[in-house]
Amino acid sequence: MGRWALDVAFMWRAVLTLGLVLLYYCFSIGITFYNKWLTKSFHFPLFMTMLHLAVIFLFSALSRALVQCSSHRARVVLSWTDYLRRVAPTALATALDVGLSNWSFLYITVSLYTMTKSSAVLFILIFSLIFKLEELRAALVLVVLLIAGGLFMFTYKSTQFNVEGFALVLGASFIGGIRWTLTQILLQKAELGLQNPIDTMFHLQPLMFLGLFPLFAVFEGLHLSTSEKIFRFQDAGLLLRVLGSLFLGGILAFGLGFSEFLLVSRTSSLTLSIAGIFKEVCTLLLAAHLLGDQISLLNWLGFALCLSGISLHVALKALHPRGDGAHKPLKGLGSNPDLELLLRTSQPEEEDNEEEYFVAQGSSDQPGHQPRNSAAPGPSGPPGKRGAWHLLSLASAST
């Protein structure tokens, strides 16, 4: 009877994990192709991103209200000082990362976008070294060389290469390195109580919206104000279809962030990392089959080289999951009790993952996107070095 119960429990856990991975794939791959499809007819990616941010803020505020009514516990609300000093830099970097990523869809293919965004791990490693969040070691150098070499091979003599689009998405990857480094630093301020992704998204979206607005005003404001699709519309049906399409993208972005959270909290960050690697392969295969992206043998070899670098990083994280100086994060004020209402875990390891998980992306066209794991310092101890490895793996899964 005991053996049978264990087999049933194992099968149920396997089915649950597979279901969560498929849910994550649907949102992550879906929003990439959806944004590419939408930008073919709606040439205002920054406005699209800003509307996504508004939708995510709306859903996160609604979720907070529902959880607060269910738990009868006050939600965490940061003071203006903490909000502007500690959250604003992360929000600005996240807004630029997401905005430039969506902007690049006007010029480049999904395959080139996917490959270039994978290089975000390279920049995250570099900034982790600069900010001394990670120590220089031979394995890190090898990871950087594999990813950089793979990116060069993928873009070399590409028949569908576009300089402007490549520069935008590469710039987004570079800013993404700053974004995830700032995210880790923010996470180490465990007393802020933003370990819950819903609280994090709620606080990030307004500043992301404001940070992206100047860029939108300069490059799209005038054109959008004279566009018949929005402000000078003549067909109400067309306006409703456009707004509905943009709103659906915001729902996908919110779903991506929450599906990542579900996957990590019910399994582990390693599961998300591995799923992210296979997600890149699925995205490229679908881009070649559905959109007709032209990928040469050299490009595939470059992609394989890049994935080998990411896989090496994931393997290193799996072999060295915890550093000597790692501390368990402090529980956020009013942040963790509601996790029991959203989903329950039965193993202590999963509870640790649940407490540590952090979603810093507002829109996953963000891809992404993106979910982030880090080791926070104890009351007086230094931050755990393992935090950078968790953060890197989750960031690579969301790109």
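Reply: Buried means under 20% relative accessible area and exposed means over 50%, while partly exposed covers the values in between. The model shown here is a predicted one.

Me: With that definition, is aspartate 82 buried, exposed or partly exposed?
Reply: The relative accessible area of aspartate 82 is 23%. The limits to apply are 20% for buried and 50% for exposed. Because its value falls in between, aspartate 82 is partly exposed.

Me: With which residue does the side chain of aspartate 82 meet in a salt bridge?
Reply: Side chains of opposite charge can pair when their charged atoms come close. In this salt bridge of aspartate 82, the N to O distance is 3.8 Å. Both partners lie in helix H3 (residues 80-104), four residues apart, which is about one turn of the helix. The partner, partly exposed with a relative accessible area of 31%, is arginine 86.

Me: How many helices and how many strands does the protein chain have?
Reply: The protein chain has 399 residues, of which 55% are buried. Its accessible surface comes to about 17,000 Å², and 70% of that belongs to carbon and sulfur atoms. The count of secondary structure is zero strands and 15 helices.

Me: Which helices hold aspartate 97 and lysine 117?
Reply: Both aspartate 97 and lysine 117 are buried. Their salt bridge, with the closest N and O atoms 2.8 Å apart, ties together parts that are 20 residues apart in sequence, because aspartate 97 lies in helix H3 and lysine 117 in helix H4 (residues 110-118). The helices are H3 and H4.

Me: How far apart are the closest N and O atoms of aspartate 199 and arginine 64?
Reply: Aspartate 199 forms a salt bridge with arginine 64. The pair links distant parts of the chain, 135 residues apart, with aspartate 199 in helix H8 and arginine 64 in helix H2. Both residues are buried. The closest N and O atoms are separated by 2.6 Å.

Me: Are H2 and H8 roughly parallel or roughly antiparallel?
Reply: Two packed helices are described by the angle between their axes and the distance between the axes. The axes of helix H2 (residues 45-71) and helix H8 (residues 197-219) come within 8 Å and cross at roughly 160 degrees. H2 passes H8 in a left-handed crossing. Because angles over 145 degrees count as roughly antiparallel, H2 and H8 are roughly antiparallel.

Me: What is the handedness of the crossing of H1 and H10?
Reply: Helix H1 (residues 2-41) and helix H10 (residues 236-266) pack with their axes 9 Å apart, at an angle of about 150 degrees. The two helices are therefore roughly antiparallel to each other. Their crossing is left-handed.

Me: Where is histidine 72 placed?
Reply: Most residues other than glycine have a negative phi. Histidine 72, however, has a positive phi, near 60 degrees. At 71% relative accessibility, histidine 72 counts as exposed. Its place is in the loop between H2 and H3.

Me: Which helix gives the most to the nonpolar patch?
Reply: Phe152, Tyr156, Leu297, Leu298 and Leu301 make a nonpolar surface patch of about 520 Å². Phenylalanine 152 is in helix H6 (residues 138-155), and at 54% relative accessibility it counts as exposed. The helix that gives the most, with three residues, is H12 (residues 297-319).

Me: How do H6 and H12 run, roughly parallel or roughly antiparallel?
Reply: The axes of H6 and H12 come within 7 Å and cross at roughly 160 degrees. The crossing is left-handed. H6 and H12 are therefore roughly antiparallel.

Me: What distance separates the C-alpha atoms of histidine 313 and valine 144?
Reply: Histidine 313 is in helix H12, and at 1% relative accessibility it counts as buried. Histidine 313 and valine 144 are 169 residues apart along the chain. Their C-alpha atoms are separated by 9.7 Å.

Note on methods
Residues numbered from 1 in each chain as written. Predicted model: local features only at pLDDT ≥ 70, side-chain atom pairs only at ≥ 80, totals over all residues. Heavy atoms only, no water. Patch = residues over 30% accessible without salt bridge, like charges linked within 9 Å, V, L, I, M, F, W, Y side chains within 5 Å. Areas by Shrake-Rupley, 256 points an atom, 1.4 Å probe, with all protein chains shown as cover. Salt bridge = Lys/Arg side-chain N within 4 Å of Asp/Glu carboxyl O. Buried < 20%, exposed > 50% of the residue type's maximum accessible area, 1.4 Å probe, protein only. Axes fitted to C-alpha atoms, helices over the stretch in contact; angles between N-to-C directions. Parallel < 35°, antiparallel > 145°, perpendicular 65-115°, else oblique. Left-handed = near helix turned anticlockwise from the far one by under 90°.
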